[in-house]
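Hi everyone, thanks for making time.

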Amino acid sequence: MDSMLLLHLMSQIFPHKIRIIYIDHQLQSKSAEWGELVTKQATHLNIPYTIQKVQVTEGNLEAQARQARYHAYLQHLQANEILVLAHHQQDQAETVILRLLSGAGVDGLAAMQSIDHRVDMTIWRPFLDLTREQIAEWTTQLEIEYVDDPTNYDIHYDRAWSREELWPFLQNRFPKMQQALSRTSYLMQDASEILEEVLKVDLQNCGTDECLDLTRLLKLSSARQRQLLSVWMKGDGQYRPAFEMVERLKNEVINSKSDAQAALHWNQFYYVRYQHHLYRLSRQVFLAEKLNPVETETEHHFQLGEVVDCASGNFQITQKNMGLSASLLNKKLKIIRRQGGEKVHLYGRVGQWPLKKAIQEAHILPWLRHTIQILVIDNVMLGVFTPKGFWLAQSPYCEQGGWQPDLISYSCNLVNGEDGYDKCSK
């Protein structure tokens, strides 16, 4: 009823600027007939329409149907189009009740917004302040044809149970419950907006979308820490993590020993701590060593100006004040994978020292260290390819005006910078 009323009103207000999409979830035997009603009304009003069938996967039927529906919307929405939905005041009040019973926070109790700007779409709900009684009265006066979905009365589903069983019981005691719950959603939207402003300041102070400075984070109150971690984990996603997941991040990763190398996996990302920073890594970065193993040994003939693709990035062969002898150009050199236990005599430093110690002092992140490779000739170490650049080794081949591989782009998505965090892309 509410959707058909919305259709008729929009056809009068924006007669040449609207399209109709009917989502057939194929969960009811008569769903195809309902599609025919939409077709009939669209034809009568001379409005373009789309009938889209979707498959609802197993699990929570309400949630899966909603996910299938919005996925279908995204397939059909064009640039600069707005999705207009017919949610009304009772829908809003029911949402607040259901969110409250699920333990939602401020964002959850804010429920639905009249203008909802999402990452992938914008939604407009013009009926959100209308009661169902007002909608029914308008529909009757305008003689609009519609159908009732029987699942709206099936108390097997949470929303239908709330509407059919819980709602009358509560309204008998609190006659103005619907308006009060709707008002609560607006108050929570205000609170959410204020909280978002605070969180923006905290995030700017504590880090980036990929990394947080734990020294600064832990100076915040516990409540602000929890809220910042929650919104930081959410990222560009639609939903925040559960309260328990944020607590796990704090207890299992942030509060772990600095050498524990603890990691938490949630929503396609891995959360790891290194020294005094907390990182959010994609699966490709965190599991790079397993997904893209580095070859044990390769051979290469270097030429000036050439760009060489190594495990830790792209390097261009460039002439430097100090570098490798020109006699090595076009000669067969080997690039070998770091095995562990190597010692290196870096140019400009006194004596040999463990390569592992040099890597640690350079603050190269643990999940990037597998990309480190060593350049050799006849068992003589010439230098080391790292995500921080090429490290020239002291050798008989060093000379003034020689050449070096110069790092021009990273092969990783995240590399530690001098300030503890920095973004990079290939």
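**A walk through the strands**

Let's start with a parallel pair: β3 and strand β5 (residues 122-124) are joined by two bridges. When I say two strands pair, I mean that DSSP finds at least two bridges between them. Helices (H or I, at least four residues) and strands (E, at least two) are DSSP runs, numbered from the N terminus. Within that pair, Leu83 has Ile123 in β5 as its bridge partner.

Before I go on, a word on what you're looking at: this is a predicted model, where local features need pLDDT of at least 70 and side-chain atom pairs count only at pLDDT 80 or more, while totals for chains, interfaces and linings use all residues. Residues are numbered from 1 along each chain as its sequence is written, and side-chain values use heavy atoms, with hydrogens and water left out.

Now zoom out. The protein chain has 14 helices and 20 strands. Its radius of gyration is 30 Å, whereas a compact globule of 426 residues would be near 22 Å. That radius is taken over C-alpha atoms, and the globule rule is 2.2 Å times the number of residues to the power 0.38. Along the principal axes, the C-alpha atoms fill a box of roughly 95 × 50 × 35 Å.

How much of the chain is buried? The figure is 42% of the 426 residues. Buried means under 20% relative accessible area, exposed means over 50%, and partly exposed is in between (1.4 Å probe, protein chains only). As for contacts, meaning heavy atoms within 4.5 Å, take those between residues at least 6 apart in sequence: 62% of them join residues at least 24 apart.

Next, the start of the chain. Met1 sits in the segment before α1 (2-13). Is Met1 buried or exposed? Its relative accessible area is 14%, so Met1 counts as buried. If you skip the neighbours within four places in sequence, Met1 is in contact with Arg132, Ile135, Ala136, Thr139, Tyr146 and Val147. Ile115 is 114 residues away from Met1 in sequence, and their C-alpha atoms are 22 Å apart in space.

On to a hairpin. In β7, Leu264 and Trp266 make up the covered face, and Ala263 and His265 the uncovered one.

Most residues other than glycine have a negative phi. Asn267, though not a glycine, has a positive phi of about 50 degrees. You'll find Asn267 in the loop between β7 (263-266) and β8 (269-274), and its relative accessibility is 42%, which means that Asn267 is partly exposed.

Further along there's another hairpin, β16 with β17. These two are antiparallel, with five bridges, and Gln373 stands opposite Phe385 in β17. The hairpin has two residues between the strands, and there Asp378 takes a positive phi near 50 degrees. What about Asn379? It has a positive phi as well, of about 65 degrees, and is not a glycine. Asn379 lies in the loop between β16 (373-377) and β17 (380-386), and at 82% relative accessibility Asn379 is exposed. In β17, by contrast, six of the seven residues are buried.

β17 also forms a hairpin with β18, again with two residues between them. That pairing is antiparallel over four bridges, and Gly383 faces Leu392 in β18.

Let me finish with Trp391, in strand β18 (residues 389-392). Trp391 is buried, at 14% relative accessibility. Beyond its neighbours within four places in sequence, its contacts include Leu346, Leu355, Ile359, Leu382 and Val384. And what lies 374 residues from Trp391 along the chain? That's Lys17, with 62 Å between the two C-alpha atoms.
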